[in-house]
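Please look at the pockets first, then at one helix beside them. Keep the structure open as you read.

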Amino acid sequence: MIYGERIRLRATERTDLPRFVNWLNDPEVIRFLLINIPLSLVDEEHWFESMQKNSPAEHVLVIEIKCQAGWKPIGNTSFMGLDSISRCAEIGIFIGEKDEWNRGYGRETMSLMLKHGFQTLNLNRIFLNVFENNLRAIKAYENAGFQHEGRLRQAQFRNGQYWDLLVMSVLREEWKS
């Protein structure tokens, strides 16, 4: 487990899948994700099985917050496409529990993942793509230390229109300072 001040990150279990399906079938939750079709529990089970074949460094981590009843799952995060030669990886995150939005959990998760990526996985560059209109996420990424690198013009089609994707990253040397 990876512990922060208010959150912890743990491995995904098969018992998490029904919760993921609920989140990933909520139009508000997936508004800025690259998911366009409804997901079934069978779809998520196939995803889970395929994820188990990836490097453990690329396994999805569940984001949990401390509550009176123990730990409450609110979303997930992971590194993807880990390149062992260039020492870089893409990062993804989403908060599925809408009542926990705008509480800083995304920023804290990104900070923990940067620390994990640079100190544990020995990465040199961590990057992401974010929809240009996802202002809440962009602010969280900037607060975690991500820098704007570029713009992929009209890279994604969502809800009847094309959107630009912004490319953001953090280098190890920037993170250290």
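The lining of the largest pocket divides into 26 nonpolar, 13 polar and 10 charged residues. Here Ala, Val, Leu, Ile, Met, Phe, Trp, Tyr, Cys and Pro count as nonpolar, Asp, Glu, Lys and Arg as charged, and the others, Gly among them, as polar. This is a predicted model, in which local features need pLDDT of at least 70, side-chain atom pairs count only at pLDDT 80 or more, and totals for chains, interfaces and linings use all residues. Residues are numbered from 1 along each chain as its sequence is written, and side-chain values use heavy atoms, with hydrogens and water left out.

A pocket is found on a 1 Å grid over the protein atoms alone: it is an open set of points where a 1.4 Å probe fits, with protein on both sides within 12 Å along at least five of seven lines. Lining residues have an atom within 4 Å of a point. A volume is the space filled by probe spheres set on the points.

| Pocket | Volume | Lining by class |
|---|---|---|
| Largest | about 1,400 Å³ | 26 nonpolar, 13 polar, 10 charged |

The largest pocket has 49 lining residues. Phe32, Leu33, Gly92, Ile93 and Phe94 lie nearest its centre. Helix α4 gives the largest share of this lining, 7 residues. Helices (H or I, at least four residues) and strands (E, at least two) are DSSP runs, numbered from the N terminus.

The second largest pocket is lined by 13 residues, and Ala11, Pro56, His59, Val60 and Leu61 are the closest to its centre. Both β4 and α3 supply at least two residues of that lining.

Now turn to α4, residues 135-144. Which of its residues are buried? They are Ala137, Ile138, Ala140, Tyr141 and Ala144. Buried means under 20% relative accessible area, exposed over 50%, partly exposed in between (1.4 Å probe, protein chains only). Seen down the axis of α4, the buried residues fall within an arc of 165 degrees, so they line one face of the helix. That arc is taken from the directions from the helix axis to the C-beta atoms. The face turned away from the buried side carries the exposed Leu135 and Lys139.

Arg136 also sits in α4. Its relative accessibility is 42%, so Arg136 counts as partly exposed. Beyond its neighbours within four places in sequence, Arg136 is in contact (heavy atoms within 4.5 Å) with Trp101 and Asn102. Just after α4, Gly145 takes a positive phi of about 110 degrees.
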